[in-house]
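Me: Please walk me through this structure by question and answer. Keep it brisk.

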Amino acid sequence: MLAALVPATASASDTRKADVELPYVCALPSGKAPVTVRISAEFPQRTRAGEAFTPTGVTTTVELPAEAVADLARHDASEVRAGTALAVTVAQDSATATATWRGSSGPVALPASGPLTLTTTGDVPSVTGRSDGDLTFTAGGLAIGLSPGPEDDAGGGAETGSPAVECALAEDAPDKGLLATVPAVAGAPGTSGSPSAPAPGGTSPAPGGTSSAPAGDSRDRQGERSPEAPENSPGTAADRDVPPCRYDEENPPTPLSLNAYVTGYANVRKQKAASYLPPSCVLIDGGEFQVPVDEPLDPEHLVMVLETYGELSYHGRRETPPYASTFLSFGFTPVKATMVLKQTGPMRIDARMKMRFSDLFMTTETYVRVPLVAQVTALEVNGTPLDVGSGCRTETSLTSADPDPAKHPGDHVVLYGKAEQVLGEDVTGYTILTGGPLSGEVTIPAFTGCGTGGEDLDRLLTASVSGPGNYIKQVQGQTCTPLVPVFETPETRGQCTQDLQPYQIPVAER
């Protein structure tokens, strides 16, 4: 009962940085001019076929010539903001797909004379190799949106102004614009076909191009709001309709490591409906129950506390799988939104156990605190897609009222679970080892960065979704301890599959 409980968070896989300087030719209002573009990003050293990964730290630096600065000066601007859209071709053998890497910058002061350097950053689409073999990333057309003047609340840093600049890769570009090569090794059986480079919210045409990537593997999408619960399997987890949840050679488990699936529902109060959250993997960091040192001994109870940490894990990213929700917005318009919850800080798990000496009756109270930003990747209104762009998300984390705000400041979600156990009987309720229901209430902040091409969708999403009083009920499944696995037998309840993933896939409860 007092043994060590918990786990090791998976470490980030090894990455390598690509930093490439490329020549472009841009069509300025004053005519065509050569422009130097520097593109940097971090890629994994290698990947597995069928598993998605996302280039990180993507930065695009553009040095505009003096002619472009003069054009901007004619708009009576003292500073300018930039948004970039870079077409990146992902190829594997003879198959190709195109993704759009978008970025934005803060306001930059215009120089009195000479060139202007603009640096944009932003999240980019994930990529999935469909077979083994090298995945190559090659830069293509570049569109630069320029907005004179300071950033306003509605723009969110997007390219909402003019003029716009279209740029083409120069014919003498080194390696024809090659950015990086990522080897892909064989993954799960049956993975084949073109590499997938899905853009958030669907695909966007490359600047100056005509092709776009497929919208991604259908297994990565949640169907309707009330899907059937997936079934357990005593073998490997590869054939189950859930994302992988395992440690591996690059992220090895420790004796305290745990992994588990979590699913549930989240109410959207304004829509008078609930959104289904698909099974998501949680990796939990190590920790042990300890006697609290800052409080007097309880003569009637043994009191133990646990402080540990965890993280969501979806193909190496701290987020949930994409999930779709359909509502009747304003009571009559069908709206379908595809969303992802992204963890932006530590997930802290605090448990307090009290065991009564007289009869060994035990209660455990657990608080899970985690900052989560809701990102909208696709939106349909009455069947018509609206391009929300790559940066459509809540301004801050979803927030809950914390019972101890002085100790736990900042914006984060708080979920609470309680368990009771009578000696000799199973646990009822939630513990970190056995799983169970967790619940809480959150305020959804306003949305920002939604819309492209000058179309502002922030107010539409904020009016439809944002606000307080949104109830959440999550169900965590039984944890697996990879270094001490418990497999399913006629006499034993399974905790781990044969490939050391969580055996139990929990069922969402309303």
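This is a predicted model: local features need pLDDT of at least 70, side-chain atom pairs count only at pLDDT 80 or more; totals for chains, interfaces and linings use all residues.

Reply: Residues are numbered from 1 along each chain as its sequence is written, and side-chain values use heavy atoms, with hydrogens and water left out.

Me: How many disulfides does a search of the whole structure find, and what is the pairing in sequence order?
Reply: A disulfide here is a pair of cysteine sulfur atoms within 2.5 Å. The whole-structure search gives 4 of them. With the bonded cysteines of the protein chain numbered in sequence order, the pairing reads 1-2, 3-4, 5-6, 7-8.

Me: Which parts does the disulfide of Cys26 and Cys167 tie together, and how many residues apart in sequence are they?
Reply: The S to S distance of Cys26 and Cys167 is 1.9 Å. The link is right-handed, with 105 degrees about the S-S bond. Strands (E, at least two residues) and helices (H or I, at least four) are DSSP runs, numbered from the N terminus. Cys26 sits in strand β2 (residues 15–28) and Cys167 in strand β13 (residues 164–169), so the link ties parts that are 141 residues apart in sequence.

Me: Is Cys167 buried or exposed?
Reply: Buried means under 20% relative accessible area, exposed over 50%, partly exposed in between (1.4 Å probe, protein chains only). Cys167 has 6% relative accessibility, so Cys167 counts as buried.

Me: What is the handedness of the disulfide of Cys392 and Cys450?
Reply: The sulfur atoms of Cys392 and Cys450 are 2.0 Å apart. Both cysteines are buried. The torsion about their S-S bond is about 80 degrees, so the disulfide is right-handed.

Me: Which residues have the most contacts inside the largest nonpolar core?
Reply: A nonpolar core is a set of buried Ala, Val, Leu, Ile, Met, Phe, Trp, Tyr and Cys residues joined through side-chain atoms within 4.5 Å. The largest one has 47 residues, and those with the most contacts inside it are Val376, Val413, Phe447 and Leu461.

Me: Which strand gives the largest share of this core?
Reply: In soluble globular proteins, nonpolar side chains tend to be buried together. Here the largest share of the core is 5 residues, and it comes from strand β21 (residues 347–356).

Me: Where around the axis of α2 do its buried residues lie?
Reply: The buried residues of α2 are Asp458, Leu461, Ser464 and Val465. The arc is taken from the directions from the helix axis to the C-beta atoms. These residues cover an arc of only 145 degrees, which puts them on the same side of α2.

Me: How many of the residues of β22 are buried?
Reply: Strand β22 spans residues 362–370 and is mostly covered. The buried count is 7 of its 9 residues.

Me: How many bridges join β22 to β26?
Reply: Two strands pair if DSSP finds at least two bridges between them. On one pairing, β21 and β22 run antiparallel with 8 bridges. The pairing of β22 with strand β26 (residues 413–421) is also antiparallel, over 9 bridges.

Me: What is the bridge partner of Tyr367 in β26?
Reply: Tyr367 belongs to β22 and stands opposite Asp350. In β26, the bridge partner of Tyr367 is Tyr416.
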